[in-house]
Amino acid sequence: MLFADAAPDVYVLAGQSNMSGRGAITDLHLRDRIADPRIRLYGNDGQWRTALDPLDDATGQIDTVSADKQAAVGPGLPFARAMRRTATHPIALVPCAKGGTSIGRWKPAQDRATLYGSCVARVREAGGHLAGLLWYQGESDAEKSLGEALGWTAAFVEMAGAFRHDLGVAKLPIVIVQIADSPRTDPDGYPSWRRIQAQQVRSPLPCSAIVSTRGLARNPDDLHLTTGAQQRLGPKLAAAMAGLIRRGCR
């Protein structure tokens, strides 16, 4: 049994590499390596365990479509730890992210061989009370032409609406992470970076909130957040999620 005393609040971690995490495990402090028994993970191997990074570990992955062998430190565990401070129920995390994926790769489909279908299937398996979705994605779409990038909003709204419908939570709170500053090392490789940022800020999706990552430290690749930056981001996501819940999004 997952928790002996209460059904958990389940949060889904979806998107691409910055959600899967590229922060270095070696940069974690000792306190970050101590598991909280009230925060559990439904892993990619279909097994429950106490949550520790890397949450999106591909070891024993059942749905290979979402396997991310580079998964490391992301925002999920700092988010859960911040939520635990005021939560009345245990917390469970379901990782669904996949590095390098554009929004088109998340098109709704019931086939478990798709990113969307796999994620929905695993959320159903996890059970509990689906309490929220964290979404961190868009860097891959920033590589597209300005015209192609304009489709991000419609594709995201379609996916979010399908997710709410298929899992039966019409006002599921969704926190969107705005992609960080444009990479200085290869600005020409991301012609639509600002266009994606702008769409994320103006997302028309009800019961959603946006959290900026501007100014947060990045790895030498100038694309992925450091361990310290992910640990700063997590509590911001928790504050945004708590705000949506207080507004009646659930």
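## The largest pocket

β1 (9-15), β5 (129-136) and α7 (227-246) each give at least two residues to the lining of the largest pocket. Helices (H or I, at least four residues) and strands (E, at least two) are DSSP runs, numbered from the N terminus. A pocket here, on a 1 Å grid over the protein atoms alone, is an open set of points where a 1.4 Å probe fits, with protein on both sides within 12 Å along at least five of seven lines; lining residues have an atom within 4 Å of a point.

This is a predicted model: local features need pLDDT of at least 70, side-chain atom pairs count only at pLDDT 80 or more, and totals for chains, interfaces and linings use all residues. Residues are numbered from 1 along each chain as its sequence is written, and side-chain values use heavy atoms, leaving out hydrogens and water.

## Space and lining

The largest pocket holds about 370 Å³ of space, a volume being the space filled by probe spheres set on the grid points, which are joined across faces, edges and corners. Its lining has 16 residues, and D9, Y11, M83, T88 and I245 are the closest to the pocket's centre. With three residues, α7 supplies the largest share of this lining.

## The second largest pocket

About 180 Å³ of space lies in the second largest pocket. Its lining includes L28, R31, D53, R85 and Q231. Both α2 (76-84) and α7 give two or more residues to this lining, and α2 gives the most, three.
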